[in-house]
Amino acid sequence: MKTQLMKAWTSISMGEVASVAAESEMIKKLPRTADGLFDTTAVDADLYQAARLVYPVYAAYETECNKKEGYPDLLEQIRTLDKKRRENDTLENTADFLWTLLLTIESVSPQVYEYYRELVDIFKTNVRTAIDKYFAGEGFGPEGSKVDWQIRDAIAHAGEIHVLLSEKYKDYCKGGGDYHVC
């Protein structure tokens with residue numbers, strides 16, 4: 001299932017959202033955990049790694065093909081995932097969750113302001129928490145580490161898509177990987 005979702009995200013990135021209907025239906029048919037989250041163990045054993053694929057694909061499909069009918073469920077699951085991330089607070093989980101949020105935000109229609117805005121607010125809260133908790137002068141972990149790169153890149157990308165003000169966060173995203181320096 002992971003490979004199918006990776007292909008689906010590639011299609012979405014190229015603007016071919018309608019072609020991911022089958023993958024989206026697979027997501028919707030996933031069993032649910034006791035707290036209402038999709039059981040993503042079929043995608044990846046790590047909940048936060050799986051979420052980086054599942055929720056952006058689900059959001060893109062709901063936005064483009066399902067008249068945004070699944071937005072309430074999507075947002076409730078993101079809230080629950082945020083709560084779980086706070087309970088299992090590690091730098092790695094935070095980095096993966098930030099990317100889940102960013103990719104999901106990019107797939108959600110800003111015209112449905114309440115849902116879009118809440119996702120942005122959850123993202124901003126998690127960025128502030130990461131900066132307050134993990135930023136220690138040199139970076140978000142060992143300089144140049146994967147998690148340091150992920151968080152810096154998430155902040156830089158958030159500035160590029162106008163989720164964060166680049167000027168405000170420039171000290172936290174310089175030296176990022178794929179994205180431009182703030």
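Predicted model: local features only at pLDDT ≥ 70, side-chain atom pairs only at ≥ 80, totals over all residues.

Visitor: In which loop is His162 found, and what is its phi?

Guide: His162 belongs to the loop between helix H7 (146-160) and helix H8 (166-173). Although His162 is not a glycine, its phi is positive, at about 65 degrees.

Visitor: Is Lys67 buried or exposed, and what is its phi?

Guide: Lys67 is located in the loop between H3 and H4. Its relative accessible area is 71%, so Lys67 is exposed. Lys67 is not a glycine, yet it has a positive phi of about 55 degrees.

Visitor: Is Ser109 buried or exposed?

Guide: Ser109 sits in the loop between helix H5 (91-107) and helix H6 (113-134). Leaving aside neighbours within four places in sequence, its contacts are Thr63, Lys68, Tyr71 and Tyr116. The relative accessibility of Ser109 is 7%, and the cut-off for buried is under 20%. Ser109 therefore counts as buried.

Visitor: How are H5 and H6 oriented to each other?

Guide: The axes of H5 and H6 are 10 Å apart, and the helices pack at an angle of about 155 degrees. Angles over 145 degrees count as roughly antiparallel. H5 is therefore roughly antiparallel to H6.

Visitor: How do the residues of the contact of H5 with H6 divide into nonpolar, polar and charged?

Guide: On the H5 side, the contact is made by Leu91, Thr94, Phe97, Leu98, Leu101, Leu102, Thr104 and Ile105. They meet Tyr116, Leu119, Val120, Ile122, Phe123, Asn126, Val127, Ala130 and Tyr134 in H6. The division is 14 nonpolar, three polar and no charged.

Visitor: Which residues form the contact of H1 with H2, and what is the handedness of the crossing?

Guide: Gln4, Leu5 and Ala8 in H1 meet Glu23, Met26 and Ile27 in H2. These residues divide into four nonpolar, one polar and one charged. The crossing of H1 and H2 is left-handed.

Visitor: How many aromatic pairs does the structure hold, and what is the geometry of the pair formed by Phe38 and Tyr58?

Guide: The structure holds three aromatic pairs. The rings of Phe38 and Tyr58 are 5.2 Å apart, centre to centre, with 80 degrees between the planes. Planes over 60 degrees apart count as edge-to-face, and the pair of Phe38 and Tyr58 is edge-to-face.

Visitor: Which parts of the chain does this pair link, and which residues make up the cluster?

Guide: Phe38 lies in the loop between H2 and helix H3 (47-64), whereas Tyr58 is in helix H3, 20 residues apart. Both residues, Phe38 and Tyr58, are buried. The cluster linked by ring pairs consists of Phe38, Tyr55 and Tyr58.

Visitor: How far apart in space are Glu76 and Ile161?

Guide: Glu76 is in helix H4 (residues 71-87), and it counts as partly exposed because its relative accessibility is 41%. In sequence, Glu76 and Ile161 are 85 residues apart. In space, C-alpha to C-alpha, the separation of Glu76 and Ile161 is 23 Å.

Methods: Residues numbered from 1 in each chain as written. Heavy atoms only, no water. Left-handed = near helix turned anticlockwise from the far one by under 90°. Helix = DSSP H or I, 4+ residues; strand = E, 2+ residues; numbered from the N terminus. Contact = heavy atoms within 4.5 Å. Nonpolar A, V, L, I, M, F, W, Y, C, P; charged D, E, K, R; others polar. Phe/Tyr/Trp six-rings, centres within 6.5 Å; stacked < 30°, edge-to-face > 60°. Buried < 20%, exposed > 50% of the residue type's maximum accessible area, 1.4 Å probe, protein only. Axes fitted to C-alpha atoms, helices over the stretch in contact; angles between N-to-C directions. Parallel < 35°, antiparallel > 145°, perpendicular 65-115°, else oblique.
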